[in-house]
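Reader: Could you take me through this one and tell me what stands behind each term you use?
Author: Gladly; ask away.

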Amino acid sequence: MADRITLQVARYRPDAGPEQTFQEYEIPCRKEWSVLDGLNYIKDHVDGTLAYRWSCRMGICGSCGMNVNGEPKLTCGTFLSHCGSGPVRIEPLRNFPIIRDLIVDISDFMRKLVSVKPWVIRAIEKPLSEGEYRQTPQQHDEYKQFSMCINCMICYSACPVYALDPHFIGPAAIALAQRYNLDSRDEGNAERMDVLSQHEGIWDCTFVGECTKVCPKNVDPAGAIQRYKLSAALDTMTSFFMPRGGR
Amino acid sequence: MSTSPAQQGRNPRLLQPTISMGWWLQRGTYFAFMMRELSCVFVAWFVLYLILLVRSVSRGEASYQHFLERSAAADIVLLNVISLAFVVYHTVTFFNAAPQAMVALVGTRVPGALIGASHYAAWVAVSAFVAWVLLGG
């Protein structure tokens with residue numbers, strides 16, 4: 001493993017010009033360093049003007065997602081030692097407007113996330129005196145996988161449908177909607193269906209499957225969307241052939 | 001490229017994303033996806049081919065013989081060979097995707113591998129039945 005490695009970092013400073021450029025930095029390459037550590041080294045020792053998001057450094061906060069050598073990844077979980085001899089090309093997540101350098105505008109995602117109501121909805125809240133809503137381990141397992149989503153938006157960066165149609169609600173928001181639909185304590189399925197059954201919801205997805213492949217938390221958004229399509233189709237068929245719900 | 005509601009009142013200081021016409025050539029998985037989408041055209045061709053076969057049979061022996069002669073022509077054979085490759089690809093990718101979309105419960109959840117394997121088993125069974133019928137039972 002070489003002592004030093006070159007990082008080619010995308011720069012965009014709206015005050016300096018309308019184009020994205022690339023700047024090369026040669027930094028020490030230590031075995032235990034992630035790409036994020038490399039960026040932090042640049043920020044602290046080489047070029048304090050470089051802008052990027054990060055927080056936890058342990059794959060929990062989801063804020064350091066970037067394109068590393070063309071692949072959307074959490075930079076805190078991508079080691080420089082796994083990038084060969086370099087250079088390592090670091091770009092902001094694709095499919096989002098860029099605010100500055102490696103920072104993207106996430107307001108579109110935040111709006112879509114809220115639209116699917118990713119929280120437990122109850123028709124009638126029971127009083128606190130009646131205690132908590134209980135759940136068996138089996139009921140918990142039903143949605144656990146989807147609850148691992150950390151909103152890093154790496155799936156949006158990999159999704160060509162979102163790139164082609166920015167109205168698409170997108171993989172993570174639908175996976176999180178499914179997380180609450182599968183929760184035994186939740187009663188908000190119909191409310192979410194109103195949003196997700198629109199064309200820009202589940203039906204926009206053409207099952208490329210890349211969202212699932214790139215997810216750093218092994219969530220399966222593609223699976224969530226296909227399952228949602230299946231249940232929506234079954235609901236439609238049921239209401240068509242049995243308008244009184246089969247009673 | 002279309003714009004999202006967020007982009008319609010776009011901030012001029014933001015660098016907007018773009019996508020090239022050749023986006024599907026940039027990653028192997030995107031290319032595989034586009035080939036899967038293209039395979040639908042060949043599925044449609046086989047459906048049409050079957051309808052033409054049934055129509056020729058319904059019109060009598062002469063029509064059927066003409067259909068067989070036309071089907072033996074090099075261009076149709078080539079088209080059918082390419083179509084077969086695409087239909088097999090379509091089938092395999094569809095079966096591989098099935099466990100992601102299906103959640104089967106038989107007491108407990110059926111493992112995805114078993115769902116995929118059951119699709120292939122059904123494929124083999126139906127193919128064996130068709131072969132048995134074609135080879136004279």
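Reader: What makes you say which residue Asn67(A) stands opposite?
Author: In this predicted model, Asn67(A) stands opposite Glu91(A) in S5(A). S3(A) and strand S5 (residues 88–91) run antiparallel and are joined by 2 bridges. Two strands pair if DSSP finds at least two bridges between them, so these strands count as paired. Strands themselves are DSSP runs (E, at least two residues), as helices are (H or I, at least four), numbered from the N terminus.

Reader: How do you know where the domains of chain A lie?
Author: The bounds come from an automatic or database domain assignment, which gives domain 1 (4–104) and domain 2 (107–241). Their centres, taken over C-alpha atoms, are 30 Å apart. The contact takes 13 residues from domain 1 and 12 residues from domain 2. On the domain 1 side, S4(A) gives the largest share, 3 residues. That side divides into 5 nonpolar, 6 polar and 2 charged residues. By class, Ala, Val, Leu, Ile, Met, Phe, Trp, Tyr, Cys and Pro count as nonpolar, Asp, Glu, Lys and Arg as charged, and the others, Gly among them, as polar.

Reader: What makes a set of residues a nonpolar core?
Author: Its members are buried Ala, Val, Leu, Ile, Met, Phe, Trp, Tyr and Cys residues joined through C-beta atoms within 7 Å. Buried means that 20 or more other C-beta atoms lie within 10 Å of a residue's own (exposed is 12 or fewer, partly exposed in between; C-beta atoms are placed from the backbone). The largest core has 63 residues, of which Met153(A), Cys155(A) and Ile174(A) touch the most other members. Helix H6 (residues 171–181) of chain A gives the most, 7 residues. Each domain of chain A supplies at least three residues to this core. Beyond its neighbours within four places in sequence, Met153(A) is in contact with Gly65(A), Leu93(A), Ile106(A), Phe109(A) and Ala172(A).

Reader: How many residues of chain A are in contact with chain B?
Author: 29 residues of chain A are in contact with 19 residues of chain B. H9(A) gives the largest share of the chain A side, 5 residues. By class, that side has 14 nonpolar, 6 polar and 9 charged residues.

Reader: At what angle do helices H2 and H3 of chain B pack?
Author: Helix H2 (residues 28–58) and helix H3 (residues 61–71) of chain B pack at about 145°, with their axes 6 Å apart. Among the residues making the contact are Leu52(B) of H2(B) and Phe67(B) of H3(B).

Reader: How are names and limits set here?
Author: Residues are numbered from 1 along each chain as its sequence is written, with chains lettered from A and ligands numbered from 1 in the order in which they are written. As the model is predicted, local features need pLDDT of at least 70 and side-chain atom pairs count only at pLDDT 80 or more, while totals for chains, interfaces and linings use all residues.

How values were computed
Two residues are in contact if their C-beta atoms, placed from the backbone, lie within 7 Å. Axes are lines fitted to C-alpha atoms, for helices over the stretch in contact, and angles run from 0 to 180 degrees between N-to-C directions.
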